[in-house]
Amino acid sequence: MAITGLILIGFLLMHMYGNLKMFLGAEEFDQYAEWLKGDILAPALPPGSFIWIFRVFLVAMVVLHLYSAFTLWSRAKAATPSTYQVRKTLSETYSARTMRWGGVILAGLLIFHLAQFTVHSALVNGSFASTYADSPYKMVIGEFSLWWMVLLYAIWITVVTMHVRHGFWSAFTTLGANTSAKARTVLNGCAWAVAVLLFIGFMIMPVAVLFGWIH
Amino acid sequence: MATTANKLPGADYFTLGDKVADTKAPAGPIEKKWSQRQFGAKLVNPANRRKLTVIIVGTGLAGGAAAASLGEAGYNVLNFCYQDSPRRAHSIAAQGGINAAKNYRNDNDSTYRLFYDTVKGGDYRARETNVYRLAEVSANIIDQCVAQGVPFAREYGGLLDNRSFGGVQVQRTFYARGQTGQQLLIGAYQALERQIAAGTVKEYTRHEMLELIVADGRARGIVTRDMVTGEIETWLADAVVLATGGYGNVFYLSTNAMGSNVTASWRAHRKGAYFANPCYTQIHPTCIPVHGETQSKLTLMSESLRNDGRIWVPAKVEDCEKDPREIPEEDRDYYLERIYPSFGNLVPRDIASRQAKNMCDEGRGVGPAIKEVDHDGNEKLVRRGVYLDFSEAIERLGKDAVAARYGNLFDMYAQITGENPYETPMRIYPAVHYVMGGLWVDYDLESSIPGLYVAGEANFSDHGANRLGASALMQGLGDGYFVLPNTINDYLADALKFDKVDEDHPAVVEALDSVKERVDKLLSIQGTRTVDSFHKELGHIMWEYCGMERTEEGLKIAIDKIDDLRDEFWSNVKVTGVNEDFNQTLEKAGRVADFIELGRLMCVDALHRKESCGGHFRAESQTEDGEALRHDDQFLYAAAWEYTGTGEKPVLHKEDLVYEAIELKQRSYK
Amino acid sequence: MNITLRVWRQANAQSEGRMVTYQVQDVSEDMSFLEMLDLLNEDLTLKGEEPVAFDHDCREGICGMCGVVINGTAHGRGNSPVATTTCQLHMRSFSDGAVIDVEPWRAGAFPVIKDLVVDRSAFDRIIQAGGYVSVNTGAAPEAHANAVSKLKADRAFDAATCIGCGACVAACPNHSGMLFTAAKITHLAMLPQGQPERPLRVKRMVGEHDALGFGGCTNIGECAAVCPKEIPLDTISQLNRDLIASLFKRDGK
């Protein structure tokens, strides 16, 4: 759970960095997209294969993450024969409480997100996203010009960053980094920082598109 | 043959039997006795140990340590406790520390001094040989506990810290913050769990021993009730060890756990085990005062508080209602420092307790005034509390240093009383804490029933008439780790030759039936009074007449009252529910029934001992300035009582106390 | 004070339970929570009803026997200004006329025996799996043979104060026993005496913990928040570190 989670957080940070290239204009962004699909690690790897290896790796991480989550979930369920009539929490955060259902929502929206931007099969605004297939830049502009699409994206990013908020701290704790009360504060601080960074980093570009700051 | 003891006080209440003596301690110089006994004891070869079963009742320091050690030795051990886990035994509540003659402080300590202090602290009513052995094994206890991972307090150099404790002038007490008992018990518990995992010990939790099985004159098993299902079962063995703790709950309010009881000991007593010195009760001076009638138990605060806290009451009666911080220094009476200048606040427990009572009796007590009924039936309001003041210590050491030493005790006080002890002095009052009396045992810890061994607080052997602080843990672990495993083998060596006892043996059937009958009887009375109301009434009688100060007149009144209470209990108690269920009322009822019988014996013992010694203060026997006065010419013996029947006169067997290594003195802490 | 209690009543492990409402009168604020239950039970007994079964023993917060969920938090931590066991919670923490809900620990590894009483023997099993130092009586070296730095001794002590009450499991949304297990791991891991068995101990204890049906830890922190002895959450990280390290050690299986 911890290792796959941290790898996925790493991916998110990278992805966010890539998204921010939108501010550098169409050429830069499209070039970056091209590079990702191009000859990374060539000639050690055949051109264009890196992206597929990377995708398989990411899917594996997601699957392992889901598997761990499901195991924990089923163990918790087995360990809960009956629920309290009254229950009050003292230290459980909202993000901690919503890890499981939040995770499910997150995964659902992830599929939509992939369908929209990677598989180009989601029907948006009466046409498939593949309309813009030749320029990822245009595709992003096209999709995020829709206010409801930005809203949906914002909801999703909120769910993702909340998941990261607890996940980041929890992963480091599981790996043994929570060595003292001070370390706990630091880890939770870092978790907040990463979550806020991701939220801002992912949202600033769609908002800019929506308001026409980049076009 | 028992003859009527015309010359002894209270002779109408008992008969005098033959003397009893310890036959196991070898002759010779005291420092050689234990090694000689270890050499002289018969051995059981490791292959034969597997064929021998030992029942151990209780999982505290003595029981847990004995079960683990005998398990390691290779015996089959069956271990029982009434709690849900062996880790709950009430040894866990001991706070202050454990004594050991390590002399790490280079302050003249030695085995002999620990022995001397313990005998003197016990007011010369303990058996010399047993106490010397306890002092001898004390150092091994610390080694053993450290090896188990007990986190004793340490200094910055990484070595063990020591502190001083009431009644002594050397620093020999090892401690683990204010939770020494907990840490020692967890150490023993872990050793025990290791043996359970290894299969040498079988643990039966939530099982209460309700009868001892004595077959052919030997202890051969017990009868228990499974507290979850109500099943009453018999367990057979080659020897039985009782490590069932003390009976302070006979006073209803005490610092003992709610479940602490005398049933195992009392049932053994009824089957022939002598009960020794039942009246020796320790009243601990530093407890949190009673708040009212609904109080269920008292909470002790470690007497280590007396190292830095100063005890006082207002010099003037009219100041008793004032805020203590407003009472000027000259109007405070630091009575222990005044009366005992050399020991001051560190006088032994019995003295500190009695002086607190005296101050309150004089009308100089503090805290809420509580209604009391005196001997003549008159109601009066008395403040039962004295101040324990840390303001001087906080000034001298700083608040942080005081918090580091006593923080958890202060927190506990604040939680219970709602007052902040860093700002206002604490109020304390004595409470029943420990009983020195218990089943009579010889040097091997064997009772008067062959094959029945008694360890820890449940036996009478080591503390005489008063126990020094930090010595209970020492005794429990000493008995369990080092004494029993080296003495019980002497008995077990012959056990393979004993006649077989099975479930059909008449003694086993009789024991089982008697338990069932008693349970049925308790459930069938269906009277109008709750078990607790009987227990409370018994407690009031005991505290009033057999508490810190006892008189012949009062004790006779108490005996009559207890007889009436017993009759009423067996005709008017209300026990709800059925046996075949988790039934806490039924559990309590059986325990209270035994407490009532024990209370009577305690009063008879207190009545016959017309002297003051240690925790037993007879008003008729005091010096001109109110100090306890012993009568060594008449009472230099342990009183071992034999049971003859409910309400019948018990038989007194005296064990003369012989002091060869120590000179008898009148105790003085002035 | 007068109090309205809603108490979980359940005849035994097999039967269904339900909340039953009782009125308790003349409660004094100096009474402990359990003394208030005593008062209720005296009243029920006189009426010929079965008293409420609850576990308790030392009543000074150290034996770990007592423990119920009060108003939705273990040991009533939510009503207490400081960390507490049920027996050390006092009625001054409640106001006159309060309605108080009382339930047993609920966890798969702690089946209900009756009313508020549960079976916590799973904790003993975890200790049996390795929560000890293997030293036979008599085999101990001199106590000063090993010095222990004060820092480590203190950390060991902080973890060793665990009373095994089970509040951590009761409060955990996953009903995990990780804090209990971690407290013992940390206690023994900090001391030189605990080192030889350290890798084996953590593997065995965590394995037993999982086999007994406790949930897994997701680092929520409810356990430490209700712990009457304030066992720090970082003990769980210590356990995880030791567990990871043990995977690279050859000791044990």
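Tutor: Let us begin with a term: a residue is called buried if 20 or more other C-beta atoms lie within 10 Å of its own. With that cut-off in hand we can read this structure, which is a predicted model.

Student: What makes α3(B) largely enclosed by the rest of the structure?

Tutor: The count of buried residues decides it: 13 of the 13 residues of α3(B) pass the cut-off, so the helix is largely enclosed by the rest of the structure.

Student: How do you know that the length of α3(B) agrees with what its residues should span?

Tutor: The expected span is 1.5 Å times one less than the number of residues. For the 13 residues of α3(B) that comes to 18 Å, and the end C-alpha atoms of the helix are 18 Å apart, so the two agree. Just after the helix, B:G74 takes a positive phi of about 110 degrees.

Student: Against which helix is α3(B) described as packing, and at what angle?

Tutor: Helix α3 of chain B, residues 61-73, packs with helix α6 of chain B, residues 180-198, at an angle of about 30 degrees, and the two axes lie 8 Å apart. The handedness of this crossing is left-handed.

Student: Which residues make the contact between α3(B) and α6(B)?

Tutor: From α3(B) come B:L61, B:G64, B:A65, B:A67, B:A68, B:G71 and B:E72, while α6(B) contributes B:L184, B:L185, B:A188, B:Y189, B:A191, B:L192 and B:Q195. Sorted by class, the residues of this contact are 10 nonpolar, 3 polar and 1 charged. Glycine counts as polar in this scheme, so B:G64 and B:G71, both of which belong to the contact, are placed in the polar class.

Student: Why does B:I56 count as buried?

Tutor: The cut-off is 20 or more other C-beta atoms within 10 Å, and B:I56 has 33 C-beta neighbours inside that distance, so the residue counts as buried. B:I56 sits in strand β3 of chain B, which covers residues 53-57.

Student: Which residues is B:I56 in contact with, leaving aside its neighbours within four places in sequence?

Tutor: They are B:G63, B:A66, B:A67, B:V77, B:N79, B:V241 and B:A243. One of these, B:A67, also belongs to the contact of α3(B) with α6(B). As for B:C81, that residue is 25 residues from B:I56 in sequence, and the two C-alpha atoms are 9.0 Å apart in space.

Student: Which pair of chains has the most contacts?

Tutor: Of the 2 pairs of chains that touch, chains B and C have the most contacts. Their contact brings together 62 residues of chain B and 63 residues of chain C. Among the elements of chain B that each supply at least two residues to this side are α3, α6 and α12 (399-417), and the largest share, 9 residues, comes from α6(B). By class, the side of chain B that touches chain C holds 21 nonpolar, 28 polar and 13 charged residues.

Student: What does the contact between chain A and chain C consist of?

Tutor: That contact takes 32 residues from chain A and 35 residues from chain C. On the chain A side, α3 (50-78), α7 (147-174) and α8 (181-210) each supply at least two residues, and the residues of this side divide into 15 nonpolar, 12 polar and 5 charged.

Student: How many residues of chain A and of chain C count as buried, as percentages?

Tutor: Of the 215 residues of chain A, 23% reach the cut-off, whereas 64% of the 253 residues of chain C do. Chain A has 8 helices and 2 strands, and chain C has 8 helices and 7 strands.

Student: Into which domains is chain C divided?

Tutor: Chain C is divided into domain 1, residues 3-103, and domain 2, residues 121-246, with C-alpha centres 29 Å apart. The contact between them takes 13 residues from domain 1 and 12 residues from domain 2, and the domain 1 side has 5 nonpolar, 7 polar and 1 charged residues.

Technical notes:
Residues are numbered from 1 along each chain as its sequence is written. Chains are lettered from A and ligands numbered from 1 in the order in which they are written. This is a predicted model: local features need pLDDT of at least 70, side-chain atom pairs count only at pLDDT 80 or more; totals for chains, interfaces and linings use all residues. Domain bounds come from an automatic or database domain assignment. Two residues are in contact if their C-beta atoms, placed from the backbone, lie within 7 Å. Helices (H or I, at least four residues) and strands (E, at least two) are DSSP runs, numbered from the N terminus. Axes are lines fitted to C-alpha atoms, for helices over the stretch in contact, and angles run from 0 to 180 degrees between N-to-C directions. A crossing is left-handed if the near helix is turned anticlockwise from the far one by less than a right angle, and right-handed if clockwise. A residue is buried if 20 or more other C-beta atoms lie within 10 Å of its own, exposed if 12 or fewer, and partly exposed in between; C-beta atoms are placed from the backbone.
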